[in-house]
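Please look over the fold before reading on. The paragraphs below go from the sheet to the helices, then to the core and a few backbone details.

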Amino acid sequence: MKLSLFNPSDTQSVIRLFTEVFTTSEGKSEGEVIGTLVTNLIATTKPQELIGFTASDDDGIIACIFFSRFIVPNKQSAFILAPVAVATQHQGLGTGQKLIRYGLDYLKRQMVDLVFTYGDPAFYTKTGFKPIAETVVKAPFALSEPIGWLAQSLDGHPIETMQGATQCVEALSDSKYW
Ligand SMILES: CC(C)(COP(=O)(O)OP(=O)(O)OC[C@H]1O[C@@H](n2cnc3c(N)ncnc32)[C@H](O)[C@@H]1OP(=O)(O)O)[C@@H](O)C(=O)NCCC(=O)NCCS
């Protein structure tokens, strides 16, 4: 398996991957919602504010993750991980965790301080994320499942409590994702 930075030439394969994976796991409408999210994320996010990673085997891309710029009140450098997909027939083999660790290592080398995500703690705590209270760092929208608000520090310092609002990129700025 080869892990790489997302390349714009991967766009169609990656949109197809997310649509198929989420259609299988959550149903047709969620597949379309996530396919559209990825389309918008790639189309509307400045290159320096979006970093994607792919895992490929001989047949092509089998997993993909995106990190996008996340603005926090204390001006530390932060990204948010979303979305994440591993091809259905490749799930449960460690690929998702490997790709996330690969992405986190890359962000750490880029001197990123904090990474957030919003998802199932049972999965994301395996790669260093921990639940974070909204009294410490607010989510950008009202959360339907506050238990899924997760973060980790990459700079070796504990996450400090911050007053004020946070901001995600435009493609994620829709309450339906939160
Ligand atoms: C969730 C997903 C990204 C995990 O990637 P993966 O390569 O299948 O997972 P890994 O093999 O690296 O990790 C497996 C571990 O995570 C757990 N895990 C896997 N999928 C999980 C899920 N959907 N929710 C909670 N835990 C999950 C497993 O219990 C397993 O734990 P174990 O090793 O202790 O048995 C992948 O299954 C996927 O794309 N699912 C459909 C889309 C999705 O739900 N995306 C994430 C949205 S938050």
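This is a predicted model: local features need pLDDT of at least 70, side-chain atom pairs count only at pLDDT 80 or more; totals for chains, interfaces and linings use all residues.

Residues are numbered from 1 along each chain as its sequence is written, and side-chain values use heavy atoms, with hydrogens and water left out.

Helices (H or I, at least four residues) and strands (E, at least two) are DSSP runs, numbered from the N terminus; two strands pair if DSSP finds at least two bridges between them. Strands of a sheet pair through backbone hydrogen bonds, either parallel or antiparallel. Both senses can be followed at strand 5. With strand 4, strand 5 pairs in the parallel sense over 4 bridges, and alanine 78 stands opposite leucine 114 in strand 5. With strand 7, strand 5 pairs in the antiparallel sense over 5 bridges; there, phenylalanine 116 has alanine 151 of strand 7 as its bridge partner. Strand 5 is mostly covered, since 4 of its 5 residues are buried, where buried means under 20% relative accessible area, exposed over 50%, and partly exposed in between (1.4 Å probe, protein chains only).

Next come the helices. The 15 residues of helix 3 should span 21 Å at 1.5 Å a residue, and the end C-alpha atoms are 21 Å apart, which agrees; the expected span is 1.5 Å times one less than the number of residues. Which residues of helix 3 are buried? They are Thr95, Gly96, Leu99, Ile100, Gly103, Leu104 and Leu107. These residues cover an arc of only 165 degrees around the axis, so they sit on the same side of helix 3; the arc is that of the directions from the helix axis to the C-beta atoms.

Now the core. The largest nonpolar core has 59 residues, and those with the most contacts inside it are Phe18, Phe66, Phe67, Phe116 and Trp149. A nonpolar core is a set of buried Ala, Val, Leu, Ile, Met, Phe, Trp, Tyr and Cys residues joined through side-chain atoms within 4.5 Å. Leaving aside neighbours within four places in sequence, phenylalanine 18 is in contact with Ile34, Val38, Cys64, Phe66, Pro83, Val84 and Ala85.

The peptide bond from alanine 82 to proline 83 is cis, with omega near -10 degrees. Most residues other than glycine have a negative phi, and most peptide bonds are trans. Lysine 75, in the loop between strand 3 and strand 4, has a positive phi of about 70 degrees although it is not a glycine. Lysine 75 counts as exposed because its relative accessibility is 70%. Just after helix 3, methionine 111 takes a positive phi of about 65 degrees. Methionine 111 lies in the loop between helix 3 and strand 5 and is exposed, with a relative accessible area of 63%.

How values were computed
Contact means heavy atoms within 4.5 Å.
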